[in-house]
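Please open the model in a viewer and keep the sequence panel at hand.

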Amino acid sequence: MASDQFLIYNVSSKGCVGLHLRGQIVSVTDAVRLEHAVVQALPAAGAKHIWIDCQQLGPLTCQAQRALLRADRLAWQAGITLHWCDLSSAVVAQLRESGLHLLLHLVASSPCLCPSNLLEEVA
């Protein structure tokens with residue numbers, strides 16, 4: 001696997017839903033996969049929150065930032081809040097530069113308030 005290959009892992013446990021993002025969103029296909037993963041997680045959520053582990057998410061292109069915003073809006077329209085957890089300081093700086101930090105529900109990097117049953121390492 002290339003270090004920048006974009007991967008998404010869906011984790012559900014005890015009524016909680018989480019997505020683990022790995023790599024970089026570098027193509028339209030990657031952006032669509034992120035939106036699709038969020039849409040797929042919405043019916044499974046049952047609750048009003050989806051936790052997104054971003055600690056291994058690479059730098060964001062403009063296209064990647066738009067993908068995050070679209071995914072967030074899709075969830076918002078369904079009445080669900082996406083919690084963007086553990087973003088690197090470089091990614092947070094990118095979101096601040098574009099102003100997206102004002103629109104997304106960012107969770108401080110340490111510690112993530114994600115339910116502990118979703119924090120298990122994804123293989």
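Begin with the largest nonpolar core, which has 30 residues; a nonpolar core is a set of buried Ala, Val, Leu, Ile, Met, Phe, Trp, Tyr and Cys residues joined through side-chain atoms within 4.5 Å. Select Leu34, Ile50 and Trp84, the residues with the most contacts inside this core. At least two core residues come from each of β2, α1 (28–45), β3, α2, β4 and α3 (89–98), and α1 gives the most, with six residues. Helices (H or I, at least four residues) and strands (E, at least two) are DSSP runs, numbered from the N terminus. Buried denotes under 20% relative accessible area, exposed over 50%, and partly exposed the range in between (1.4 Å probe, protein chains only).

This is a predicted model, in which local features need pLDDT of at least 70 and side-chain atom pairs count only at pLDDT 80 or more, while totals for chains, interfaces and linings use all residues. Residues are numbered from 1 along each chain as its sequence is written, and side-chain values use heavy atoms, with hydrogens and water left out.

Next, centre on Leu34 and display its contacts (heavy atoms within 4.5 Å). Leaving aside neighbours within four places in sequence, Leu34 is in contact with Phe6, Ile8, Leu21, Ile25, Ala67, Leu68 and Ala71.

Now show the whole chain as a cartoon. The protein has three helices and five strands, and from the N terminus on its elements run β-β-α-β-α-β-α-β. The five strands form an open sheet of order β1-β2-β3-β4-β5 with mixed pairing; two strands pair if DSSP finds at least two bridges between them. β1 (7–13) and β5 (105–107) stand at the edges, each with a single partner strand, so one side of each is left without a neighbour in the sheet. From one strand to the next, the twist averages 25 degrees, where axes are lines fitted to C-alpha atoms, for helices over the stretch in contact, and angles run from 0 to 180 degrees between N-to-C directions.

- β2 (residues 16–23) and β3 (residues 49–57) pair in the parallel sense over five bridges, and Leu19 stands opposite Ile52 in β3.
- β3 and β4 run parallel and are joined by five bridges; Ile50 stands opposite Leu82 in β4.
- β4 (residues 81–85) and β5 run parallel and are joined by three bridges, with Trp84 opposite Leu106 in β5.

Follow the chain from β3 through helix α2 (residues 62–77) to β4: this β-α-β crossover is right-handed, meaning that, with the strands pointing away from the viewer, the path from the first strand over the helix to the second runs clockwise. Within helix α2, select Gln65. Is Gln65 buried or exposed? At 10% relative accessibility, Gln65 counts as buried. Not counting residues up to four places away in sequence, Gln65 touches Leu60, Gln94, Leu95, Ser98 and Leu100.

Finally, turn to α3, where Val91, Val92 and Leu95 are buried. They cover an arc of only 100 degrees around the axis, which puts them on the same side of α3; the arc is that of the directions from the helix axis to the C-beta atoms. On the other side of α3, Ser89, Ala90, Arg96 and Glu97 are exposed. The buried residues of α3 pack against β3, α2 and β5. Just after α3, Gly99 takes a positive phi of about 90 degrees.
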